[in-house]
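Take a look at the protein below. This report goes through it piece by piece, beginning with a single helix.

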Amino acid sequence: MGRKSRWYLPASLITDLVGAGVPVALMFFATHQPWAVPSGIVAGLAWAGVQLFRSRYAARAIGESRGTLPVLHDWFILLGVLAVGHAAAGVRLRAALCLAALLPSLLLTLVCRKALYRHLAAVRRRAQAVIKVLVVGEPTAADGVTAHLSVRTDHPYVTVGGVPVGQGPFTSGIRTWERLPATAPESPAEDADLVISAVHRLGADLVLVVPCSTLSGERLRRLSWGLHDAGIELFVAPGLVDVSVKRLEAGSAGGLSLLRVAPPVREGIQPLLKAVLDRSTALLGLFVLAPVLLAVAATVKLSSPGPVLYLHERVGRAGRPFVMWKFRTMRVGADRQKAALAQENEHDGLMFKMRRDPRVTRVGHWLRRTSFDELPQLVNVLKGDMSLVGPRPPLADEVAHYTPAEWRRLAVRPGMTGLWQISGRSDLSWDETVQLDLSYVDNWSFTSDVDVMARTFRAVVDGRGAY
């Protein structure tokens, strides 16, 4: 397996020990609490212990996640562990003081995780620290898995070769080694010997089997015996695409392994929580941001002739049209000029995007760069036409050309932000945009919304793809 940088583990461990221990010791010392240094040592060891117990330091996990929610989950566990220890020791400390002292551990760990994630992503773009995969299966199915892995960069797997089963060559260009017969060989170990030989010659880290009619059941079971006895990891690709692991449940019936795919969440407490979060946040946002909204409105009004708001029809959930609110960023009559600029479209799909759109005003460029032009959409969220998080709200002429797969984007309310916005916005291709939206529709959860909102702030500050 491609080795990650050796400094990942000590950097994470030191960050956790120092990030929890030092602030606690300093806070206790500054407030004249007893046992300041021992308390800091206990807090640092407890935080590192929680991370170790949750396998955050494991080679497969370290550097792989930048999510806020896993770290927040671990931090709440830390609070529980220290609360139990506090009660058992009979020490009297103010809860607010303890929370303030432990907050830096949460923030520093988040910063460290994101830094490691960005570094690992940059390293993998140079084909380093990757996991080398040997694909085994019928050529057509194996080619499909290989192609899917090659076009995505959000994973560490790189196909280094393949072992075809049955007749026919690989068409994806991967290196072919040996070939398994279409029928099970007389010797149970023959399949495993051929695959193990390919693993060693190609330097693969694991074997990825694409099940087929000629390689399943007892034959696949015996192959797994041989690979595991040789110390080689075996993965099986069930053929599912963009299904969150949270929706997968392993089971068995009469010795047959089963994989249940849970349906997307559409009913229950989570959608209710989403609705409450949407409406309450929109109402609070309109109240708190009222001075900002007034200032932006005045700037738009004074910078160019025309209305302050741009009201435009978009298509919402289940294909229902609604009027979306935005601050005007273009000159009056810009919609009528769109056809004349069709040849200048820099996007490869149904959306129209230009980096230097001549219709955009000087203030409009700044509003788009900061995403301030989208703040009036809080009114749409309050009305229930939109959500805080969801797919990009499409135009009617885009929806008119949707395929059945693209139409599925309309299964949920469009959002002010979403996977599209935090992943590059207009820099993404149309296929990437659709893929992200479909992934959101199928795998949505309340916690994923919270994570997207947390990452939106950085995307807005960065401004990449905003034009």
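## Helix H3

This is a predicted model. Start with helix H3, residues 68-89. H3 has 22 residues and reaches 31 Å from its first C-alpha to its last. At 1.5 Å a residue, 32 Å is expected, so the two values are close.

Which residues of H3 are buried? They are Thr68, Val71, Asp74, Trp75, Leu78 and Leu79. These residues cover an arc of only 155° around the axis, so they sit on the same side of H3. The face turned away from that buried side carries the exposed residues Val84, Ala87 and Ala88. After H3 comes Gly90, with a positive phi near 70°.

## Helix H5 and its cover

Helix H5 runs over residues 139-151. Its 13 residues should span 18 Å at 1.5 Å a residue. The end C-alpha atoms are 18 Å apart, which agrees.

The buried residues of H5 are Pro139, Ala142, Asp143, Val145, Thr146 and Leu149. Their arc around the axis is only 165°, which puts them on the same side of H5. Thr140 and Val151, on the other side, are exposed. What covers the buried residues? The cover includes strand S1 (131-137), strand S2 (157-164) and strand S3 (206-209).

## Where H8 meets H9

Now turn to helix H8 (residues 269-288) and helix H9 (residues 290-303). Their axes come within 4 Å and cross at roughly 60°. H8 brings Gly285, Leu286, Phe287 and Val288 to the contact. H9 brings Ala290, Pro291 and Leu293. What kinds of residue are these? The contact has 6 nonpolar residues, 1 polar residue and no charged ones.

## Spans from the record

An unreviewed UniProt entry lists five stretches under "transmembrane region": residues 7-29, 35-55, 67-88, 94-116 and 282-300. Two of them can be checked against the model here. Residues 35-55 are 86% helix and 0% strand, and their end C-alpha atoms lie 30 Å apart. Residues 94-116 are 96% helix and 0% strand, with end C-alpha atoms 34 Å apart.

## Two loop residues

Gly319 is found in the loop between strand S7 (309-315) and strand S8 (321-327). Is Gly319 buried, partly exposed or exposed? Its relative accessible area is 26%, so Gly319 counts as partly exposed. The cut-offs are under 20% for buried and over 50% for exposed. Leaving out residues up to four places away in sequence, Gly319 touches Trp407 and Leu410. The C-alpha atoms of Gly319 and Gly63 are separated by 40 Å, and these residues are 256 residues apart along the chain.

Pro211 lies in the loop between S3 and helix H7 (217-229). With a relative accessible area of 34%, Pro211 is partly exposed. Beyond its neighbours within four places in sequence, Pro211 is in contact with Val236 and Ala237. Pro211 and Leu107 are 104 residues apart along the chain, and their C-alpha atoms are separated by 44 Å.

## The whole protein

Now step back. How many helices and strands does the protein have? The secondary structure comes to 16 helices and 10 strands. The C-alpha atoms fill a box of roughly 85 × 70 × 40 Å along the principal axes.

The protein has 467 residues, and 42% of them are buried.

Conventions:
Residues numbered from 1 in each chain as written. Predicted model: local features only at pLDDT ≥ 70, side-chain atom pairs only at ≥ 80, totals over all residues. Heavy atoms only, no water. Expected span 1.5 Å × (residues − 1). Buried < 20%, exposed > 50% of the residue type's maximum accessible area, 1.4 Å probe, protein only. Arc of directions from axis to C-beta. Contact = heavy atoms within 4.5 Å. Axes fitted to C-alpha atoms, helices over the stretch in contact; angles between N-to-C directions. Nonpolar A, V, L, I, M, F, W, Y, C, P; charged D, E, K, R; others polar. UniProt positions renumbered as here; feature names shortened; annotations may be inferred.
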